[in-house]
Amino acid sequence: MKDAADELARSFGYEMVDPAEKATKVRQVFDRVAARYDLMNDLMSGGVHRLWKDALVDWLAPRKGLTHLDVAGGTGDVAFRIMDRVGGEAAIAVCDINHAMLEVGRDRAIDRGLVHGLSWVTGDAMALPFKDKSVDSYTIAFGIRNVTHIDRALGEAYRVLKPGGRFLCLEFSRLIIPQLRPIYDQYSLRMIPAMGKLVAGDAESYRYLVESIRRFPDQKTFAGLIGRAGFDLVKLRNLSGGIAAIHSGWRL
Ligand code: SAM
C-alpha cells in the first residue's frame, strides 16, 4: 500500500516527475482550466458529476450547525450542496491550493446570494491551515488524486477532524463492470482531451485529468490507505459501475 502512495507521488498523469514538481504542475493545470471548469465538468460527465456530488452529500447527511471542511473544494460545488441541505445554518470552509479556482467559487457564491457561513481558504491538503480536532466533517471531491502525498493528505484529514468526525472522499475509481471498459477507454482517452481542446483550447490539461484517474489506486487499495491514516469503519460505495466511488471513514 505504501507503494501505491509512493507511485502516486511521482506520477503526473502517465508522466513520471520529481514529487517536488508535481504540485506546481497540478497547480498550472487548474490555473488553466479554472474559468471553464464548471462547463467542462458538465460536458465531460453529461451532468452526472452532479448526481455523484448529491450522493456524497446524501451520505454525509449534514445537520444544522455543523462545522465542515471541503478540501480541494475548487469552485464550491460540494459546499453549496451542503449549505442548501442545512438551510444555510453551517460554517463551511472551502480550502483549495488554487486561488483561481477559489475565485470562481467565491463569485458563484455571491451570485447565489451565499455570503454567510462560507469561507474560502487557500491551503494545501497536505498541510491544512486548520487546528487539530476543529471540524465535524471533512469532504474531498475529485481532489485527492491530484495531491502529491496522499497519505499526508489523509493524515491531515484525520488531524483536523474532531473525535466522532466524518471523512468522505468522492473520487474517480475503477470500473467494476468489465463490459463497459471499451466504451469508457474510448471516451476518456480520446473524447475528453478532444473536448478540452475544442471548448477550453487545452487538450493537455484534460489528458492529465484522464491519466491521473487511471493512476489512482483502486477502491480496495484506497480504502486500505484510509484505514492506515487512522480512520475506523471504512466503507465504500461505487457510483456508475465504479467510474467513481465514495469512501467513508470515522475518526473515533
Ligand atoms: N472539489 C471540486 C469539485 O468536485 O468540483 C474541485 C475538484 S478539481 C478536479 C480538483 C481540485 O483540487 C482543484 O481545484 C485543485 O486546485 C485542487 N488541488 C489540487 N491539489 C491540491 C492540494 N494539494 N491541496 C488542495 N487542493 C488541491
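Colleague: By class, how many residues of the shell around the ligand are nonpolar, polar and charged?

Modeller: First, this is a predicted model: local features need pLDDT of at least 70, side-chain atom pairs count only at pLDDT 80 or more, and totals for chains, interfaces and linings use all residues. Residues are numbered from 1 along each chain as its sequence is written, and side-chain values use heavy atoms, with hydrogens and water left out. Ala, Val, Leu, Ile, Met, Phe, Trp, Tyr, Cys and Pro count as nonpolar, Asp, Glu, Lys and Arg as charged, and the others, Gly among them, as polar. The shell has 10 nonpolar, 6 polar and 3 charged residues.

Colleague: Which residues come nearest the ligand?

Modeller: A residue is near if one of its heavy atoms lies within 4 Å. There are 19 residues around the ligand. Those that come nearest are Ala72, Asp96, Asp124, Ala125 and Ala141.

Colleague: What is the distance from the backbone N or O atom of Ala72 to a nitrogen atom of the ligand?

Modeller: A polar contact is a pair of N or O atoms within 3.5 Å. Lys53 has a polar side-chain atom 3.0 Å from a ligand oxygen. A polar backbone atom of Ile97 is 3.3 Å from a ligand nitrogen. For Ala72, the distance is 2.8 Å.

Colleague: How much of the ligand's accessible area does the protein cover?

Modeller: Accessible area comes from the Shrake-Rupley method with a 1.4 Å probe. On its own, the ligand has 600 Å². The protein covers 97%.

Note on methods: A polar contact is a pair of N or O atoms within 3.5 Å; within protein, one must be able to donate a hydrogen and the other to accept it, and residues adjacent in sequence count only if both atoms are side-chain atoms.
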